[in-house]
Amino acid sequence: MQKMQKAMKLILMMATLALIGETWGGKSVLIFNEDSDNVMMHEVWHGDTGRVSERDIRDYIGRVIDSGYVTHFFACVNARVSAYPSKIAPNYWTALDLPGYDRPQWLKAMKDLVVGQGVDQFKVYIDACRAKGVSPWISVRMNDVHCVNTANCVMNVGFWKEHPELWNNPAMSNRNDCAWGDKAFDYRKRGVQDHMLAYIAEALERYDVDGVELDWMRFEHHCPRAVARTEGRTAITAFMRKAKALVDAQARRRGHPVLIAGRVDTEPEAALNHGTDYRAWAKEGLVDWLIVCNFWSTVDFELPFAKWAEELKAINPRVRVYPGLDCGVKMPGKPRRYLTPDEYAGWADRMYGQGATGLYVFNLFCHPSDAKNGSWASWNFVLGGGLTPAGVAKHAKSIPAGAPRECIRSGWYK
């Protein structure tokens, strides 16, 4: 009887937490996704010692959350390699002990921090968030293929390199001129699913968090495009069922809710074309949150949030959907640049106007030494309350004329 009561209490708690949307402790929701190696790179590039300490990590997370506007901190723990000492995936610093690989100072600093000093940046983040009333999550990149054609890239080690038969196009194993997506994992293959599920399980065992984001936008090539909406959809949905079971098991173990979010493309048809069948996920209750966000180059100023919200409400009103954005814009014929505060406000105004109850920011890179960098003003704006409804209402707003929709330009929409 006690076990049943405990289970019912947990279900009720999860339902209540999943439904929180309008505010978080009286604040509008602001979700901040932190890259796994960002703080290492910035501290080394802009510091004067070439090392990173626990104090540096604490100072950084303080700059993100101490102003009180970030409500959820999503700490990315991996790329193709793990930023914590993993027994499942190769670690970032694995390449330092292998011949032929790059040995950047930031990577040496990461190894020194984690292995030499015994500091886990993610535990530091989680503790700091708990102390400030910020909800800590981990984010897992489901198919990162940064620099797969660069032989000396530090991420080209371990499981991914050893198993080209698990790629979308194994014939590209000896090529360095193919599309990155050719070397992405094919989720129709059991070896891929087993590996990623084991890594997610390990991360959830290691970190006591409120949720896990499965980032299906890093990158989008989860199987050959021709079968993405058929075999790919079926395989990824089956994977999501297993992932949800892992998350639920952790919630029971921890004795508190652990939610699951999926990050997908900004246009419903584009998301389906990736094989990420959000409709099935919502119908089966496989996600609590859905993050709809552009891939990288250009923020989607035409993101149809109202359409997303209406459809998800009809399928499963328990699923919360939040609009997200990367940090830049790539106008035709011009180099990519950071968004200005006015453009952040312009995008946010459109999302709030369509009924969004919270926002998600990705790749908001900055460091105090970046005073002359285009990201500095935007960093201060976003983390200083500029993206709250009140902050947006009083700020100048701008939408770059002719900004392309990334999902269309990249061919995923149609």
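**Cavities, pocket and cores of a predicted model**

A search of the whole structure finds 2 cavities of 30 Å³ or more. This is a predicted model, in which local features need pLDDT of at least 70 and side-chain atom pairs count only at pLDDT 80 or more, while totals for chains, interfaces and linings use all residues. Residues are numbered from 1 along each chain as its sequence is written, and side-chain values use heavy atoms, with hydrogens and water left out.

User: What makes a space a cavity, and what is the volume of the largest cavity?

Analyst: On a 1 Å grid over the protein atoms alone, a cavity is a set of points where a 1.4 Å probe fits but cannot get out; a pocket is an open set with protein on both sides within 12 Å along at least five of seven lines. The largest cavity has a volume of about 160 Å³, a volume being the space filled by probe spheres set on the points, which are joined across faces, edges and corners.

User: Which residues line the largest cavity, and what makes a residue part of the lining?

Analyst: Lining residues have an atom within 4 Å of a point. There are 20 of them here, and A79, R80, F185, H195 and M196 lie nearest the centre of the cavity. Helix α7 gives the most, with 3 residues; helices (H or I, at least four residues) and strands (E, at least two) are DSSP runs, numbered from the N terminus.

User: Why is H195 called buried?

Analyst: Buried means under 20% relative accessible area, exposed over 50%, and partly exposed in between (1.4 Å probe, protein chains only). The relative accessible area of H195 is 12%, so H195 is buried. H195 is placed in helix α7 and touches I88, A89 and F159, not counting residues up to four places away in sequence; contact means heavy atoms within 4.5 Å.

User: What is known of the second largest cavity, and how do its lining residues divide by class?

Analyst: The second largest cavity holds about 40 Å³ of space. Its lining includes S28, Y69, Y352 and L387, and β1 (29-34) and α13 (374-386) each supply at least two residues. By class there are 7 nonpolar, 3 polar and no charged residues, where Ala, Val, Leu, Ile, Met, Phe, Trp, Tyr, Cys and Pro count as nonpolar, Asp, Glu, Lys and Arg as charged, and the others, Gly among them, as polar.

User: Where is the centre of the largest pocket, in terms of residues?

Analyst: The largest pocket has a volume of about 590 Å³. Of its 28 lining residues, D35, D37, M41, H146 and M155 are the closest to its centre. The lining has 15 nonpolar, 7 polar and 6 charged residues.

User: What makes a set of residues a nonpolar core, and which residues have the most contacts inside the largest one?

Analyst: A nonpolar core is a set of buried Ala, Val, Leu, Ile, Met, Phe, Trp, Tyr and Cys residues joined through side-chain atoms within 4.5 Å. The largest has 119 residues, with the most contacts at F32, L214, F239, W281, W308 and L387. Helix α7 (residues 190-206) gives the most to this core, with 7 residues.

User: How do you know that the buried residues of α4 line one face of the helix?

Analyst: In α4 (residues 105-116), W106, L107, A109, M110, L113 and V114 are buried. Seen down the axis of α4, these buried residues fall within an arc of 155 degrees, so they line one face of the helix; the arc is that of the directions from the helix axis to the C-beta atoms. The buried residues of α4 pack against α2 (38-46) and α3 (54-65).
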